[in-house]
Amino acid sequence: MKPDRKTASRNRKALHDYEILERIEAGIELKGTEVKSVRAGRVNLLDSYALYRDGELHIHHMHISPFEQANRFNHDPYRTRKLLVHKREMIRLGSEAERKHLSLIPLEVYFKKQYVKVELGLCRGRKKHDKRRAIDAKEARKKIRSLSRSVSRCLIAGLVWLAAAHAGVKVRSVSTGLVDTVPSARLPQGEFVSIPHLCTALGLAWEWERVPERLTCSDGSVRLVFTQDTPFFSVNDSLVQVPLAPQRVGGSLYLSVAAIEGALGAAAGLGVSFDADSGVIVVGEQAVETNPARADATDGRETAALDPAPVEGQAIRTIVIDPGHGGKDPGAIGPDGTFEKDVVLAISLKLRDILEKQPGITVYLTRDDDVFIPLRDRTEFANKKKADIFISIHANSIGGSARKRKQVKGFKMYFLSQAKNEEDKRVAMLENSVIELEEETDRGDYLQNILIDMANNEYLAESEDMSIMIAEAFGSRVKDITSLHRGVGQAPFWVLNGAFMPSVLIETAFISHPREEKLLTEESFQGKTAEAIAEAILRFKKKYEAGL
């Protein structure tokens with residue numbers, strides 16, 4: 001599309017049915033209501049054509065929808081409309097079309113400045129074999145473009161890898177005196193070395209997992225787990241902070257040389273140090289015995305221990321239910337004025353009543369009234385209660401036109417992780433927007449949030465498992481609505497950030513959808529929803545207490 005024009009409609013079918021020999025720009029005579037409909041994009045060129053008759057050029061069968069706000073003098077959608085072309089050009093087109101048995105086909109309607117224009121094509125009809133040949137050529141061009149992009153990416157990755165491989169840092173063994181070289185790369189943050197090559201030099205086996213972007217190095221006594229772009233790694237399931245996060249260079253994960261001594265030497269006890277003067281990594285020196293470094297919040301707040309015990313085989317006795325929003329934060333608001341904070345509180349109270357009937361289970365609510373609670377305080381409350389499960393209950397919403405709000409509906413379950421698609425990212429942004437209502441001191445700090453993210457990774461599998469169980473329970477028990485998408489979602493929800501236990505955020509329905517807003521206010525639907533969540537929690541409890 002050219003920069004000086006705004007397209008209202010294209011005739012894509014014509015590009016398939018005709019061979020375009022020449023393109024001509026023409027003006028068009030329109031009524032006021034027609035211009036407004038064209039501006040709204042309500043024009044269709046399918047099966048339209050232009051004819052030269054009696055010294056004038058007219059377009060036939062072009063459909064322009066009636067303008068909804070017009071009165072009884074609205075236009076006829078299919079009326080014949082006059083095209084405005086210079087007389088000499090018009091005579092030439094009419095003569096050529098008749099002489100060569102060609103057709104004048106409208107290809108596009110667009111605005112050029114404030115004027116409506118039509119792009120005409122002088123076309124020859126394609127036979128079936130021509131259409132097949134055109135399709136094959138189009139597919140071939142697509143494959144060539146795709147292949148070119150793939151080759152370019154591979155070449156760039158290969159060049160980066162070669163550049164990194166040619167550079168290197170020497171590794172000297174104290175016991176044998178042998179000197180080896182591991183690949184290094186100079187990044188904006190400083191010098192980095194290849195972790196797999198370094199682990200090989202240390203006698204450790206390593207394995208790279210592509211999907212979680214995680215590198216595991218181990219032998220009989222030590223197990224190190226590094227995650228790309230995360231400034232923490234684990235040593236035998238204990239968290240250790242490094243000054244700079246490991247970076248991906250080419251096909252390998254690289255660690256800053258500044259982190260080698262503290263990470264692999266002191267924390268892992270591998271006897272590794274970096275001599276900054278000579279630029280040599282020394283292997284085999286006496287390791288310094290120390291506890292793995294733990295970071296505390298910089299504002300003086302007490303930081304919870306970040307070495308949670310595994311859930312599997314552990315008794316699940318305490319459950320914290322978090323009704324979303326509250327007080328000055330109404331959450332999403334439905335078309336009829338229903339507040340999200342009210343309906344999720346009603347569901348949460350019913351869920352509490354169901355779970356409290358189960359022997360050996362203690363249930364807490366982050367709020368049982370219409371009060372505002374900062375997001376951080378909700379998970380902090382769950383941690384203080386030593387909760388085994390954290391459930392945050394919400395109602396989804398979407399903006400846009402009334403038509404869009406009527407189309408988007410359904411339930412979905414989420415667990416804390418990085419969003420994998422735009423829809424999950426949108427939901428997280430919507431639920432996280434309450435942070436703007438909080439005091440500045442309630443927002444935490446960056447370092448604490450990274451620590452919390454790492455602790456949540458310990459329960460990533462359990463949180464995903466529970467999300468799936470809740471989604472399955474909704475599918476079997478709550479027949480009034482369907483799932484928004486297949487499967488469960490993942491996104492960086494602040495309200496789940498900091499919960500040191502399996503945690504799930506439930507979007508029960510779309511409060512922006514008129515029918516689902518009405519369902520959310522009905523006690524029967526609230527009861528079914530609470531029963532489905534309770535059923536999934538008890539199923540999760542049974543599975544993990546059995547150590548399956």
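Which side chains meet in a salt bridge at 2.7 Å, N to O, with Lys543 as one partner? The side chains of Lys543 and Asp465 do, where a salt bridge is a side-chain nitrogen of Lys or Arg within 4 Å of a carboxyl oxygen of Asp or Glu.

## Basis of the model

This is a predicted model, in which local features need pLDDT of at least 70 and side-chain atom pairs count only at pLDDT 80 or more, while totals for chains, interfaces and linings use all residues. Residues are numbered from 1 along each chain as its sequence is written, and side-chain values use heavy atoms, with hydrogens and water left out.

## Overall make-up

The protein has 14 helices and 27 strands. Helices (H or I, at least four residues) and strands (E, at least two) are DSSP runs, numbered from the N terminus. Of the 548 residues in the protein, 45% are buried. Buried means under 20% relative accessible area, exposed means over 50%, and partly exposed lies in between (1.4 Å probe, protein chains only).

The accessible surface of the protein comes to about 28800 Å², and carbon and sulfur atoms hold 51% of that surface. Accessible areas come from the Shrake-Rupley method with a 1.4 Å probe; for residues, only the protein chains shown count as cover. Among contacts in the protein with a separation of 6 or more, 70% are between residues 24 or more positions apart. Contact means heavy atoms within 4.5 Å.

Lys543 lies in helix α14 (residues 523–545) and Asp465 in helix α12 (residues 460–477), so the pair ties together parts that are 78 residues apart in sequence. Lys543 is partly exposed because its relative accessible area is 28%, whereas Asp465, at 14%, is buried.

Arg477 and Glu531 form another salt bridge, with their closest N and O atoms 3.3 Å apart. This pair also links distant parts of the chain, with Arg477 in helix α12 and Glu531 in helix α14, 54 residues apart. Arg477 has 37% relative accessibility and therefore counts as partly exposed. Glu531 is partly exposed as well, at 37% relative accessibility.

## A network of salt bridges

Arg92 and Glu22 meet through their side chains in a salt bridge of 2.7 Å, N to O. Arg92 is in helix α3 (residues 87–99) and Glu22 is in strand β2 (residues 18–28), so placed that the pair links distant parts of the chain, 70 residues apart. Arg92 counts as partly exposed at 29% relative accessibility, and Glu22 is partly exposed with a relative accessible area of 27%.

## Patches on the surface

A positive surface patch is formed by Arg10, Arg12, Lys138, Arg141, Lys142, Arg145, Arg149 and Arg153. Lys and Arg count as positive and Asp and Glu as negative, while His and the chain ends are not counted. Patches are made of residues with over 30% relative accessible area and no salt bridge; like charges are joined within 9 Å, and nonpolar side chains (Val, Leu, Ile, Met, Phe, Trp, Tyr) within 5 Å. The place of a charge is taken as NZ of Lys, CZ of Arg, CG of Asp or CD of Glu.

Helix α4 (residues 128–166) gives the largest share of the positive patch, six residues. Arg149 is found in this helix, α4, and counts as partly exposed because its relative accessibility is 48%. Leu147, Val151 and Leu155 make a nonpolar surface patch of about 290 Å². Leu155 lies in helix α4 and is exposed, with a relative accessible area of 54%.

Ile321 has its place in strand β22 (residues 318–323). Why does Ile321 count as buried? Ile321 is buried because its relative accessible area is 0%. The C-alpha atoms of Ile321 and Ser348 are separated by 6.6 Å, and the two residues are 27 apart along the chain.

Phe415 lies in strand β25 (residues 412–416). Phe415 counts as buried, at 3% relative accessibility. Between the C-alpha atoms of Phe415 and Ile468, 53 residues apart along the chain, the separation is 9.9 Å.
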